Amino acid sequence: MSVTTRIVRASAARRQYRAIRAMFKNAGFAVFLYAAWQRRRTLPGLIAYILLWSLPQRIMARLLGLCNAPKQLDTFTAAMIKGLNWVTEGPPADVYRSMYLHSYLDGMKARWLGAKFSRVEPCDSWPVEGTWIAEEWQDIPWSSSADNMDDVIVFLFIHGGAYCFSTSEYGSPHNYELIKSFNERQRQAGHSKRMVAFSVEYPLAPKAQFPAQVYSAADAYRWLVTKLGVKNVIVGGDSAGAHCTIKLMNHIAESDELRGLGVWPLANMLFSPWVDAADHWDPEQDAHDVISTLGIRLADKMVFGHTKHGRNDVLMIQPDDFKVASKGTLVMYGSSEILAHGIERYVGLLNQRTESVPGLQVVCFEGMPHCFK
């Protein structure tokens, strides 16, 4: 065999080897993508899916002008939303891990921004658990002997997570920025009032059946007023936390003990309140929200299935039966969230009250999904 022949055959063999290796590499990558797709409702699968498929696809769609996501969403957020949407339909254990990580990262971010955190653990005399979030340590009302309690405003925050997920550190960067903004405005105006947040840690469903979460929030409210001597309270939350706020206001009004404390909430802040079971299905909203219609319906059944109406019943309350804060109620939501229709119905009920809601403000953020903070 000539040298030329051997060289030609060796070259052909190398080309064949490279072709086979490339085929296996492509097959391996395809298998990896398929596995990521199959496991997209788990945290590792979600990360792989977003980075390897959803984000490149969204970038290409934006470049070609084919992206149908709301223009208010940046490319990375739009890429994340579909993956997060799928996660809400997954096994509760996977959703729990994802939301726990979210809460942990929120806490880390707030600390990095400069927030002061102080943990409150339950004891025999007060079954209250939660987290203080403050701009300065001296803003936290450690006891009823704290100076100038008339100037302290406590934002009692109730976190979201369908009553089943998240921790009291969820949403802490948003709460910290709210505190800073309020305190800076007070300083500029020459006032001495200051705000601090207490995020309550409530027992999670389904292990703790609803309305156990409302009772935990009520315990925190009672503790703030009677133990710490707080005189100015704002109550609010996001999603399930906003639902809990609505229920807590009625609970305070119906409880002789709580009503007799002599302190009524100054204001309510309801961020993307979970007020119905997403009976109104809009495929466009479902495609661009962080929660899915199926996911919210599963959560509704898991949390409220044992109750009298067997579902989220806020929209069944008569307008005049809603108890509201004395100075203001703020309702915020995104136009692209699947709960938008129910939130608008809730606002309609508030507007039907015989006595108007003091300081009612409703803000709809165009193109934004559920709890877009």
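Me: Hi! What does the secondary structure of the protein chain come to?

Reply: Hello! In this predicted model, the chain has 11 helices and eight strands.

Me: And what share of the residues counts as buried?

Reply: That would be 50% of the 373 residues. The accessible surface is about 18500 Å², and carbon and sulfur atoms account for 57% of that area.

Me: How about contacts, what share joins residues at least 24 apart?

Reply: Taking contacts between residues at least 6 apart in sequence, 76% join residues at least 24 apart.

Me: Let's switch to pockets. What volume does the second largest pocket have?

Reply: About 670 Å³. Its lining has 27 residues, and those nearest the centre are Leu178, Ile234, Ala267, Met269 and Leu330.

Me: Nice. Which elements supply at least two residues of that lining?

Reply: There is one helix, H5 (172-188), along with strands S3 (152-158), S5 (232-238), S6 (267-271), S7 (328-334) and S8 (360-365). H5 gives the largest share, with six residues.

Me: And by class, what is in the lining of that pocket?

Reply: The second largest pocket is lined by 13 nonpolar, 10 polar and four charged residues.

Me: New topic: where is histidine 243?

Reply: Histidine 243 sits in helix H7, which covers residues 240-254.

Me: Why does histidine 243 count as buried?

Reply: Because its relative accessible area is 0%, and buried means under 20%.

Me: So which residues is histidine 243 in contact with, leaving aside neighbours within four places in sequence?

Reply: The partners are Tyr163, Phe210, Trp274, Phe304, Asn312 and Val314. With asparagine 312 there is also a polar contact between the two side chains, at 3.3 Å.

Me: Which residues line the largest cavity?

Reply: Its lining is made of Thr245, Ile246, Met249, Asn268, Leu270, Phe322, Lys323, Val324, Thr329 and Tyr346. H7 and S6 are the elements that give two or more residues to this lining. The largest share, three residues, comes from H7, the helix where histidine 243 is found.

Me: And what about the classes in the lining of the largest cavity?

Reply: Six residues there are nonpolar, three are polar and one is charged.

Terms used
Residues numbered from 1 in each chain as written. Predicted model: local features only at pLDDT ≥ 70, side-chain atom pairs only at ≥ 80, totals over all residues. Heavy atoms only, no water. Helix = DSSP H or I, 4+ residues; strand = E, 2+ residues; numbered from the N terminus. Buried < 20%, exposed > 50% of the residue type's maximum accessible area, 1.4 Å probe, protein only. Contact = heavy atoms within 4.5 Å. Areas by Shrake-Rupley, 256 points an atom, 1.4 Å probe, with all protein chains shown as cover. 1 Å grid on protein atoms, 1.4 Å probe; cavity = no way out; pocket = protein on both sides within 12 Å on 5 of 7 lines; lining within 4 Å. Points joined across faces, edges and corners; volume = space filled by probe spheres on them. Nonpolar A, V, L, I, M, F, W, Y, C, P; charged D, E, K, R; others polar. Polar contact = N/O pair within 3.5 Å; in protein donor to acceptor, adjacent residues only side chain to side chain.
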